Amino acid sequence: MTRRQAADRRRALACLAPTVLALGALTVYPGVWVLWLSLQHRIPIFDVSRFAGLDNYAFLGVDSRFWNAAHTTAVFTLGSVALEVVLGVMAALAIHAQRRGRRLALSLLLLAWAMPAVVGAKLFEWLYHPTAGLINVTLGRHSANWLGDPGLALPAVILADVWRTMPFVAILCYARLLAVPAEVYEAAQVDGAGRLATLTRITLPLLGRILLLAALFRTLDALRAFDIMFVLTGGGPAGTTETLTVYAYRALFQTLQLGFGSALSVVVFLLVMAVAWAYLKILRTGTVAA
Amino acid sequence: MRRSIRTVGDVAVLVALAAYAIPFFWQLLTSFKPEAELLRIPPLLPSRLTLEHYRVVIEQSLMPRALGNSLGIATLTTLLALVAGVPGAYAVARLPLPGKRLLLLAIVASTAFPQIATVSPLYLLMRALDLRDTWAGLVLVHASFALPLTIWLLAGFIREIPMEAEEAAAVDGAGLLGLFRWVVIPLLAPGLASTALLTFLFSWNEFLFAYTFTVSEASRTIPVALALFPGVFEVPWGDIAAAAMLASLPPVVIVIALQRFLVKGLTAGAVKE
């Protein structure tokens, strides 16, 4: 090792020290701690604190509320990500086709994305108001109790989430479209490809990889979504919008089951990591190379 | 003929996107509606506009305090994340490191980290260190949570800086601090702005930690104050609308004024690879 290399290595360690310290203290250490907590029966208000082994995890197997929350999480994630991808591609194509007014178009689109999720929830709570909400007023006599009807609450929450996060997918796609050289389209035109053929044979395949990435980011966010249902429905009515994250939060901070709640959060963590790993595997194999 | 069709198309897209933003504009309108007309629609448009809801929110609610808290916490979070993130990103992008692949993997993995996974131990930690209800507690947690993404974005921007500039600085005998001060940071400015914006927005919008670690108004941030907005007998929709608009003000200003940096930050890394 030359002196230059040794100096560079010392520099690297100095540069990374704050990061390693921060992530070690506030991510890794709590991460290990939560595993330890999840192996205990710990209910502070009853002064219960003892080692429980895998009891908390074993209980999940027979906990119908857990399976209900898992189901809700799956429906919420699949529903919102699918809608976001479809709408996001459409928005990106529309803005990309614009000759003038792109800046204004992007501003209008990003407006929704920049809102805090809590604001998004409040906007939709007002839109869903049973009598004075814009949606029911528009629907007239077809109006419904969006957040109070167990059959409608989850779709209503999904819609509110899609509204706020679709622009993210759209922006990523739009940026990818900007990076496509004009010659690609000119060549397609020369070859006599129609608009539909250009879209399905050229544009959409070009978007494949970025869409997968956008879907990855959005899936991870949807799996850990909390604010939107916590504020909009609180998990109700009748638990129909209670996702795993909301269940974990309630177990931790409302019923104060520190051990069991930690086991639930570990499950959310494992789920997120498994999904991330699966997506990266698909991205690696390059089946959707672009 | 062709030309006018395209203009119609352009306008149609703008109209559609304006319609998409209706939830926001409807809340904006609500925040200026007289109390008596809130629940009486149709008509959709109010007979007159009033500032009454804003007066109530500013004079009688905790929102002004929360606005101050959020501005302070988000700004300090951004500064801290950049102070730790710039050197970290530089090391990742430029310097030789044992186990670099593993480190990169850890950074990418931690951007996917769900907040709920560490909220319980962090709560116990905050309580043990007496950091609940303080700016410091939230800033530390927010900054460390934002750090992986900060490093990921900044490392991408640093790779775009021409190597020669740094080598010239090294030849001139600049130390590590000099290198950052005179070469890296000036050349990184646009990327720094994009990253700072996203970090600021993250901290401004973050709810789970902010909700869990605050008991009083001392460090209650905007999303928490809005979620807990009090209604005595009935829901004060007009006041909530005004509070929601105040909460959206900084993000809206950022989106409109600094759109270029925002889009650049959002798409960095993802598009190039």
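What share of the contacts in chain B with a separation of 6 or more comes from residues 24 or more positions apart? In this predicted model, such residues account for 78% of those contacts. Chain B is helical in its listed elements, with 13 helices and zero strands. Its pattern along the sequence is α-α-α-α-α-α-α-α-α-α-α-α-α. The C-alpha trace of chain B spans about 70 × 70 × 30 Å along its principal axes. Of the 273 residues in chain B, 45% are buried.

Chain B touches chain A. The contact takes 74 residues from chain B and 79 residues from chain A. On the chain B side, helix α12 (residues 237–257) gives the most, with eleven residues. By class, the side of chain B that touches chain A has 58 nonpolar residues, 14 polar residues and two charged residues.

Within chain A, one helix pair was examined. Helix α1 (residues 3–37) of chain A packs against helix α12 (residues 258–285) of chain A at an angle of about 125 degrees. Their axes lie 8 Å apart. The crossing of α1(A) past α12(A) is left-handed. On α1(A), the contact is made by Val34(A), Leu35(A) and Leu37(A). On α12(A), Leu258(A), Gly259(A), Ser262(A), Ser265(A) and Val266(A) make the contact. The residues of this contact divide into five nonpolar, three polar and no charged.

Definitions and conventions. Residues are numbered from 1 along each chain as its sequence is written. Chains are lettered from A and ligands numbered from 1 in the order in which they are written. This is a predicted model: local features need pLDDT of at least 70, side-chain atom pairs count only at pLDDT 80 or more; totals for chains, interfaces and linings use all residues. Axes are lines fitted to C-alpha atoms, for helices over the stretch in contact, and angles run from 0 to 180 degrees between N-to-C directions. Helices (H or I, at least four residues) and strands (E, at least two) are DSSP runs, numbered from the N terminus. A crossing is left-handed if the near helix is turned anticlockwise from the far one by less than a right angle, and right-handed if clockwise. Two residues are in contact if their C-beta atoms, placed from the backbone, lie within 7 Å. Ala, Val, Leu, Ile, Met, Phe, Trp, Tyr, Cys and Pro count as nonpolar, Asp, Glu, Lys and Arg as charged, and the others, Gly among them, as polar. A residue is buried if 20 or more other C-beta atoms lie within 10 Å of its own, exposed if 12 or fewer, and partly exposed in between; C-beta atoms are placed from the backbone.
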